[in-house]
Amino acid sequence: MPTSLMMRAIILFACAIFSLPASTQSLAGRWVLLGNMLENGEQQRSILTLEQDGKALKGDLRSLGFQNGVEGSATEGHFELFGVGWNDKKPFLIGDVSGGEVKGTMWGNKFLGHVASAADDFPKLPYLEPPALEKVPYNGLAKTPPMGWNSWNLFAEKVDDKIVRTMADAMISSGMKDAGYIYINIDDTWEGTRDENGVLHTNHKFPDMKALADYVHSKGLKIGIYSSPGPRTCGGYPASYGHEQQDAKMYAEWGIDYLKYDWCSAGTIYKNDALQGVYQKMGQALQSTGRPIVYSLCEYGMGEVEKWGTEVGGNLWRTTGDIRDEWDSMMDNIHKQDKTSPYAGPGHWNDPDMLEIGNGHMTSDEYRTHMSLWALTAAPLLAGNDIRSMSDETKSILLNREVIAIDQDALGKQASPVKNGSLETWMKPLADGGFAVGVVNLDSKAAQATVNVADLKSAKKLKSARDLWAHKPVKFSNGSYTAEVPAHGTLLLKLSMN
Ligand code: GLA
């Protein structure tokens with residue numbers, strides 16, 4: 001064949017391949033996805049392993065920070081994947097395959113990928129046998145649910161030294177400290193890399209953690225930090241696997257008062273039956289430092305953590321997946337609290353995740369319901385908004401001292417709901433023999449809510465009642481009180497008995 005003809009044939013052949021309908025390009029196989037640069041200079045990296053059956057996709061995603069099943073579909077080369085067991089409404093991983101490459105977004109962050117080779121695999125790390133189970137003594141902290149602020153919900157990887165300092169200032173100027181919010185908690189993405197001695201350094205956003213802790217302490221506040229029992233945090237940063245003792249000692253030297261310890265990549269090393277031992281290891285490491293450090297377990301409720309969280313020295317434990325600033329997500333998290341209710345009490349709390357109040361995607365009535373339910377269930381109150389610039393409405397919710405007092409009640413009981421159509425009544429017995437009663441309107445239109453004294457099943461008589469959102473006394477007649485509750489709103493009463 002003359003050269004020119006041969007060239008034309010090659011070009012035609014190439015065109016034929018690349019103009020194949022995208023749908024004929026299978027996604028089956030192993031892909032390496034390269035994502036954004038992390039704050040410590042490393043690149044986010046994932047291995048996506050997929051099987052394809054027609055349009056259906058299923059497989060597994062292993063990132064630096066976690067491993068999870070995925071499932072979804074592909075249409076004309078476009079694919080959308082959900083995390084197995086996450087119950088998300090929207091796919092977290094979206095992309096297109098073309099010409100042997102995949103590109104798209106994972107949680108909104110861009111990635112570019114190609115077929116993975118053995119060299120792309122994550123290093124295989126040894127299994128470290130967790131310690132034999134034994135009870136870690138109570139550290140005497142968190143006698144009432146911890147209150148403070150956490151960086152994750154609003155700032156995520158953008159948190160830095162300056163933000164933390166200005167949040168500490170705002171805790172004072174906004175009146176939050178006076179209302180009881182004490183902890184300033186730095187979540188994921190503060191980590192740099194480990195040196196040859198195993199010391200984990202901070203990244204460029206936190207030049208001097210000790211100085212930052214000193215600053216926070218100088219305001220009369222306390223400071224919290226974040227890590228994982230796995231090799232990496234959820235965000236893909238170096239975590240405490242194999243360095244538990246060393247990290248705990250460093251936190252104590254910095255003056256850390258609170259640790260959130262997030263499972264994430266621990267799932268790539270340990271099976272779920274190791275949960276208790278793995279959490280005990282850090283519980284013991286923290287206590288061996290001699291510094292009082294609140295220990296917050298974060299493993300999304302796996303392995304019925306509410307039944308053994310205290311055994312490992314935990315002061316609180318997440319019982320759900322991550323909250324989003326949406327009504328459905330918030331209600332879903334709080335409804336999962338039901339079975340955990342007997343296990344809450346002074347020193348050990350169920351944690352339905354941090355607050356979204358003030359982040360802008362719920363109505364004020366929904367945020368009042370959020371605050372009411374967290375108080376009724378004795379949940380930690382960790383604000384997740386920008387407390388430096390709160391509207392008066394947001395302040396009136398987060399700083400409602402009458403509602404905070406319900407959350408902080410010394411008896412430490414966690415309410416559960418009784419359902420009546422689209423109304424839910426949550427009753428929380430209080431240390432003074434009284435009750436907090438919340439009636440939540442799940443409907444998207446206003447409803448009449450009634451509170452009956454008889455439902456309290458108390459031997460005592462009603463002395464007085466107050467509406468904690470209206471800040472005024474209310475009168476019961478014939479043992480009941482009825483009021484209109486707006487869509488997704490809550491009537492929250494405090495009943496005093498004698
Ligand atoms: C997990 C946790 C979140 C947050 C992120 C940080 O998703 O549940 O609360 O800490 O990790 O990466």
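An oxygen atom of the ligand is 3.0 Å from an N or O atom in the side chain of Arg318, a polar contact (a pair of N or O atoms within 3.5 Å). The protein covers 92% of the 310 Å² of accessible area that the ligand has on its own (Shrake-Rupley method, 1.4 Å probe).

This is a predicted model: local features need pLDDT of at least 70, side-chain atom pairs pLDDT 80 or more, while totals for chains, interfaces and linings use all residues. Residues are numbered from 1 along each chain as its sequence is written, and side-chain values use heavy atoms, without hydrogens and water.

**Exercise 1.** Describe the shell around the ligand.

*Solution.* 
- Step 1: 13 residues surround the ligand, each with a heavy atom within 4 Å. The closest are Asp187, Asp188, Lys260, Asp262 and Asp322.
- Step 2: The shell divides into six nonpolar, one polar and six charged residues; Asp, Glu, Lys and Arg count as charged.
- Step 3: Polar side-chain atoms come to 2.9 Å from a ligand oxygen atom for Asp188 and to 2.8 Å for Lys260.

Notes. Polar contact = N/O pair within 3.5 Å; in protein donor to acceptor, adjacent residues only side chain to side chain.
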